[in-house]
Amino acid sequence: MKLTYSNLGGSGNGIGIGNGNGNGSKMSLGKSIKMYLTIFIATTCIYMVLYQYHISQEPFAGSEVVKPVAWGVVGRFVCQQWTICKPPLYIITPTYRRPEQTAELTRLGYTLKHVANLLWLVIEDANKTNPLVAHTLDRIGVPYEYMVAPMPEKYKQTKRAKPRGVSNRNRGLQYLRQHATEGVLYFADDDNTYDISIFEQMRYINKVAMWPVGLVTKTGVSSPIIQNGKLVGFYDGWIGGRKYPVDMAGFAVSVKFLKERPKAEMPFKPGYEEDGFLRSLAPLDNSEIELLADECRDVLTWHTQTKKNAPAQALNRTRYRDTNLEFIDKLLVRP
Ligand code: UGA
Ligand code: MN
């Protein structure tokens, strides 16, 4: 279709002068206005195409895409409206039923609320979802998927260390393999502390990125060791024969990179969850690992641990009948 003012503007009546009154000079004025408008629109289109090409060539903003969002009316023109989309972040958070659960999810959720284009995959170690958790997530208002993935019974029974959050994280990976095509995944335990700038940094990685995590072991921090801009080792109070002695909060992975490794997953091996998962992403050379948080000179994530609280005692329903305590009691997370 030929691009003209009348077929863009819709009415075909021009802009008031030079249409249908038989005046030759006004007619030609109308025609030249149409011509200029056509040139203007064509130039704008060319600029938009060139702009998209330009940003697609930029190394940093390369994964940002310009996407059409809606049709809108500007003056008498119907225009396509565009937006620049940041690559999506998929935050996989294992959680489980305990007195601190609502508080932990609330704190983490409001941190994530500061982050654009993010999907929070909250996965509970349980057989069925808990309406109280769904209610908490609704109230926070971060886009989320709430799923369950129980720890296999044989690990639950053991007296030894349990592989905490592993079935949850593997469920998250399965979700990404089914639903995600681009962006970055990050395992964010519900009890840690996160500076939101780490999310903007991890958003643009190509393969795997790492950075320091505070409050880990006797060293007070777990971090890649960087010398002359290169990853030369790992600093952590417990190495334990691991190839990647890093904390769960200290790395992120590109979704495309994950999907190129269909077998990558987390092992049910207490203490070796991070190492096993990162090893399963092979081939991955240390030189390919991107170093965030000012080349690992800054601490933006912390392995905080919350004091365990005893389950709340039962409410005396006779004594407190028809009081607010009947409402509050329903909000307490009991085992
Ligand atoms: C540390 C690491 O940070 C974890 O990533 C790792 O899974 C864990 O050690 C381990 O090696 O077992 P830590 O603070 O000791 O974590 O463990 P938690 O915070 O209690 O649990 C890690 C995540 O799993 C949390 O998001 C928690 O909500 C979840 N979890 C914990 C479960 O889903 N089920 C459980 O029974 C316990
Ligand atoms: Mn923890």
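Is Ser-222 buried or exposed, and at what relative accessibility? At 3% relative accessibility, Ser-222 counts as buried (buried means under 20% relative accessible area, exposed over 50% and partly exposed in between, with a 1.4 Å probe and protein chains only). The model is predicted, with local features requiring pLDDT of at least 70 and side-chain atom pairs pLDDT 80 or more, while totals for chains, interfaces and linings use all residues; side-chain values use heavy atoms, without hydrogens and water. Residues are numbered from 1 along each chain as its sequence is written, and chains are lettered from A and ligands numbered from 1 in the order in which they are written.

**Surroundings of Ser-222**

- Ser-222 belongs to strand β10 (residues 221-227); strands (E, at least two residues) and helices (H or I, at least four) are DSSP runs numbered from the N terminus.
- Its side chain makes a polar contact with the side chain of Asp-236 at 2.7 Å (a pair of N or O atoms within 3.5 Å; within protein, one must be able to donate a hydrogen and the other to accept it, and residues adjacent in sequence count only if both atoms are side-chain atoms).
- Leaving aside residues up to four places away in sequence, Ser-222 touches several residues, among them Trp-211, Pro-212, Tyr-235 and Asp-247 (contact means heavy atoms within 4.5 Å).

**Nonpolar cores**

- The largest nonpolar core has 35 residues, of which Leu-121, Phe-187, Met-210, Phe-251, Val-253, Phe-277 and Leu-281 touch the most other members (a core is a set of buried Ala, Val, Leu, Ile, Met, Phe, Trp, Tyr and Cys residues joined through side-chain atoms within 4.5 Å).
- Helix α6 (residues 166-179) supplies the largest share of this core, four residues.
- A second, separate core of 31 residues includes Val-115, Trp-120, Val-142 and Tyr-194.

**Ile-92**

- Ile-92, in strand β3 (residues 89-95), is buried, with a relative accessible area of 0%.
- The C-alpha atoms of Ile-92 and Leu-176 are separated by 9.8 Å, although the two residues are 84 apart along the chain.

**Ligands**

- The manganese ion (ligand 2) is coordinated by Asp-191 (OD) and Asp-191 (OD), at 2.1 to 2.8 Å (donors are N, O and S atoms within 2.8 Å of the metal, or 3.2 Å for Na, K and Ca; water is not among the atoms, so sites may look incomplete).
- Asp-191 is located in the loop between β6 (184-187) and β7 (193-194).
- Oxygen atoms of ligand 1 lie 3.1 Å from a polar side-chain atom of Glu-273 and 3.0 Å from one of His-303.
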